[in-house]
Amino acid sequence: MMKEERIEEIAAQYPLCQYNFLDTKELVFSEQVRYICETECPRYGKSWSCPPATGTVEECRKRCLEFEKVFVFTTVAEVEDIANMECTLPTRQEHEKVMRAIRDEIATEAEEVLGLSTDSCDFCRECTYPDAPCRHPEMMNPCIESYGILVTDAAEKAEIDFFCDSNTVTWFSMIFFR
């Protein structure tokens with residue numbers, strides 16, 4: 001069984017801002033979060049990492065609750081103004097590299113892992129959804145919100161800052177493990 005201490009050893013090798021562990025039963029799953037995906041995200045229905053491909057919120061909840069623990073962590077990036085998406089979004093790439101590296105390292109020792117991250121997968125220039133299987137399922141980390149998880153609540157329970165200031169982007173990821 002993967003131990004939290006071992007994950008902390010792995011995490012110490014990466015530029016994480018904050019991290020903590022939660023029992024998966026503490027996570028709040030909300031249809032309202034999914035509704036925001038459906039009504040506001042241009043990637044809804046266009047990616048294997050987004051709804052409806054990820055399944056219903058209830059299916060996602062059940063998938064997450066198959067694990068007892070989740071490792072929640074953040075990285076930060078400095079930008080001129082977090083409201084300027086042209087400057088903010090490119091900083092996500094470094095977070096995603098860190099996320100995949102930690103997830104992959106945990107996966108070498110854990111029985112099973114599930115990684116959820118910052119946004120719709122953009123590994124491929126054009127996603128095969130829904131016409132063909134994902135080309136790189138090993139690279140994909142669905143968006144936390146695509147699972148209906150209320151990130152602000154998880155951050156509060158994990159005692160992780162959700163917002164720093166108008167020049168600091170906080171990127172969140174979750175790795176479920178056993």
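Which residues touch the most other members of the largest nonpolar core? Among its 22 residues these are L27, C64, L116, I149, M174 and F176, where a nonpolar core is a set of buried Ala, Val, Leu, Ile, Met, Phe, Trp, Tyr and Cys residues joined through side-chain atoms within 4.5 Å. The elements that give two or more residues to this core are α3, β2, β3, α6 and β4 (168–177), helices (H or I, at least four residues) and strands (E, at least two) being DSSP runs numbered from the N terminus. Contact, meaning heavy atoms within 4.5 Å, links M174 to residues including L27, V70, F71, M99, L116, I149 and A154, when residues up to four places away in sequence are not counted. A second, separate core of 15 residues includes M2, A11, F73 and I175.

This is a predicted model, in which local features need pLDDT of at least 70 and side-chain atom pairs count only at pLDDT 80 or more, while totals for chains, interfaces and linings use all residues. Residues are numbered from 1 along each chain as its sequence is written, and side-chain values use heavy atoms, with hydrogens and water left out.

Rings of Phe, Tyr and Trp (its six-membered ring) pair if their centres lie within 6.5 Å, with planes under 30 degrees apart counted as stacked, over 60 as edge-to-face and the rest as tilted.

| Pair | Centre distance | Plane angle | Class |
|---|---|---|---|
| Y19 and F71 | 5.5 Å | 55° | tilted |
| W48 and Y129 | 4.8 Å | 90° | edge-to-face |

Y19 in strand β1 (residues 18–23) and F71 in strand β2 (residues 69–78) are 52 residues apart. Y19 is partly exposed, at a relative accessible area of 34%, whereas F71 is buried, at 0%; buried means under 20%, exposed over 50%, and partly exposed in between (1.4 Å probe, protein chains only). W48 is partly exposed, at 25%, and Y129 is buried, at 18%. Y19 and F71 also belong to one aromatic cluster with F21, F73 and F177.

Turning to charged groups, R100 in helix α5 (residues 92–107) is buried yet has no salt bridge, the nearest side chain of opposite charge, E96, being 4.4 Å away. A salt bridge requires a side-chain nitrogen of Lys or Arg within 4 Å of a carboxyl oxygen of Asp or Glu, and Lys and Arg count as positive and Asp and Glu as negative, with His and the chain ends not counted.
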